[in-house]
Number of protein chains: 4
Amino acid sequence: MSQTMNKKFTSHFRIYYEDTDAGGVVYYANYLKFAERARTEILRESEINQSELTKDLGIFLVVSDFAGSLKKPARLDDMIKIESEVLKMGGASFSMCQKIFCASELLAEIEVTIVCVGGDMKPSRLPESVKKALS
Amino acid sequence: MSQTMNKKFTSHFRIYYEDTDAGGVVYYANYLKFAERARTEILRESEINQSELTKDLGIFLVVSDFAGSLKKPARLDDMIKIESEVLKMGGASFSMCQKIFCASELLAEIEVTIVCVGGDMKPSRLPESVKKALS
Amino acid sequence: MSQTMNKKFTSHFRIYYEDTDAGGVVYYANYLKFAERARTEILRESEINQSELTKDLGIFLVVSDFAGSLKKPARLDDMIKIESEVLKMGGASFSMCQKIFCASELLAEIEVTIVCVGGDMKPSRLPESVKKALS
Amino acid sequence: MSQTMNKKFTSHFRIYYEDTDAGGVVYYANYLKFAERARTEILRESEINQSELTKDLGIFLVVSDFAGSLKKPARLDDMIKIESEVLKMGGASFSMCQKIFCASELLAEIEVTIVCVGGDMKPSRLPESVKKALS
């Protein structure tokens, strides 16, 4: 059921004090926050809100696996750009590659696998609306 | 129904990178996080878990008002001490003063008012166990 | 040196999973994050970046006092609006009122006092550019 | 220069509201925060503070790569245990495996690579004290 997909989604986020740490750069865990904001906005572009997926269908999109490679840090006041692309689409899960840039420079590369689960945290079919939004 | 109470509760927390920002000190909003950890530990000392208050009684303890005065910043690797004291105890709410120290130096002073609410976010009587834990 | 000022600045921020907690609503300390993002964007509208204030002038804008009144919680996927207004402008500090709305409903009201400090954390004159940006 | 090392370090952290999200469980990026707290405490056991590494030697320990596999979520009030082990020790970097448990149940497994860098963000030799603390 996996498919090749090439559509790239682009999101932009500003770096604020809250995102940085005493090393003077963005705290490493926060790249995962930006990546999730980007995924959320990709769905919202297709009018899918995760709060409604939970309320209407009783499902959650949860991260089961993630990996990140941090090449250069983002800093206070930077405007970062995230390019997101689906790598693999399955029946109850999908994986994405998300590249984070500042200007044209690649700062970080993140891969995540997202699983659709029910309230019992067991895998559940991805809604067609989500699949369509990502492809 | 308000009472005078003098019992002081003491909690300790370490400052990690996640707590700091590019200014080299603790990010200002995070003092509210430490204050809440302290309140949670005060209840836990009396074997009250907030997750059980919600599961068993359908109530939440939510902050309705807060104020903070920041005198000196905490820094990476500091061990902070929080001294918490109930200022006022009511039927469905209470307020606390929480002083944050590093060594013997006062860094910050926080006041919060906590309201007990039901799932509908309407005020609900504070359980006796919570009142007793705080007095 | 205090002045009356009425200019209102408006900012918008989306609520993501990272902003919420297990109570199902925005974690209380995070309203201070949104308030700071709004203040940062107000300065940026006048082409003032805080990272440049530090690099070029050796100063930081730090919060010395804050207070918040939380009336209704923001929730996942909400788009909040912040209306910010200077209450008082001094030589080395200023205070602001920041109201947070969802749609037309007032969720929270925050007041902060900001002090301009040098690297030694001692008060320093507010740059004219900052005063002008806020008035 | 890589070595086999088997020493296991154990750390414990409590889950607070700040760590959770509206899904009712710990927000996925926060496992990286706990992992870092654990690494920091491992160094502190050998009396190494990262703030002193920076002040005294001008170096930072930064994460270059991370990966996580999330099997079961941690929840509010859980006490998690982290077992950390060095996988590989190099001249300017090392990697660790960090397993997160609640009671005896494995919740998450994280791998990180840490690089020692100077103020210019270029790799710098790991201090012997750090190598010794980890082995």
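**Figure 1. Chains A and D of the predicted model meet through a shared surface.** Of the interface residues of chain D, 100% are also interface residues in chain A, so the copies meet through the same surface; contact here means heavy atoms within 4.5 Å. This is a predicted model, in which local features need pLDDT of at least 70 and side-chain atom pairs count only at pLDDT 80 or more, whereas totals for chains, interfaces and linings use all residues. Residues are numbered from 1 along each chain as its sequence is written, chains are lettered from A and ligands numbered from 1 in the order in which they are written, and side-chain values use heavy atoms, with hydrogens and water left out. Chain D is superposed on chain A by a rotation of 180° with 0.0 Å of shift along its axis, at an RMSD of 0.0 Å, where copies are fitted by least squares on the C-alpha atoms of residues with pLDDT of at least 70 in both. The two copies are therefore related as by a two-fold rotation axis. In chain D, the C-alpha of A67(D) is the one nearest this axis, at 2.0 Å from it.

**Figure 2. Chain B is superposed on chain D by a rotation.** The rotation is one of 180°, with 0.0 Å of shift along its axis and an RMSD of 0.0 Å. F13(B) has the C-alpha nearest the axis in chain B, 5.5 Å from it. Both copies use the same surface, since 100% of the contact residues of chain B recur in chain D.

**Figure 3. Helix α1 of chain D is largely enclosed.** Helices (H or I, at least four residues) and strands (E, at least two) are DSSP runs, numbered from the N terminus. At 1.5 Å a residue, the 16 residues of α1 (residues 30-45) of chain D should span 22 Å, and the end C-alpha atoms are 23 Å apart, which agrees; the expected span is 1.5 Å times one less than the number of residues. Because 15 of the 16 residues of α1(D) are buried, the helix is largely enclosed by the rest of the structure, where buried means under 20% relative accessible area, exposed over 50%, and partly exposed in between (1.4 Å probe, protein chains only).

**Figure 4. S11(D) is a buried residue of a strand.** This residue belongs to strand β1 (residues 8-14) of chain D, and its relative accessibility of 7% makes S11(D) count as buried. Leaving aside residues up to four places away in sequence, S11(D) touches A38(D), I80(D), K81(D) and I82(D).

Figure 5. Most residues other than glycine have a negative phi.

**Figure 6. The largest pocket has a lining of 33 residues.** Among these, V25(B), P73(B), V62(C), V63(C) and M121(C) lie nearest the centre of the pocket. The lining divides into 22 nonpolar, three polar and eight charged residues, and β2(C) gives the largest share, five residues.

Methods:
On a 1 Å grid over the protein atoms alone, a cavity is a set of points where a 1.4 Å probe fits but cannot get out, and a pocket is an open set with protein on both sides within 12 Å along at least five of seven lines; lining residues have an atom within 4 Å of a point. Ala, Val, Leu, Ile, Met, Phe, Trp, Tyr, Cys and Pro count as nonpolar, Asp, Glu, Lys and Arg as charged, and the others, Gly among them, as polar.
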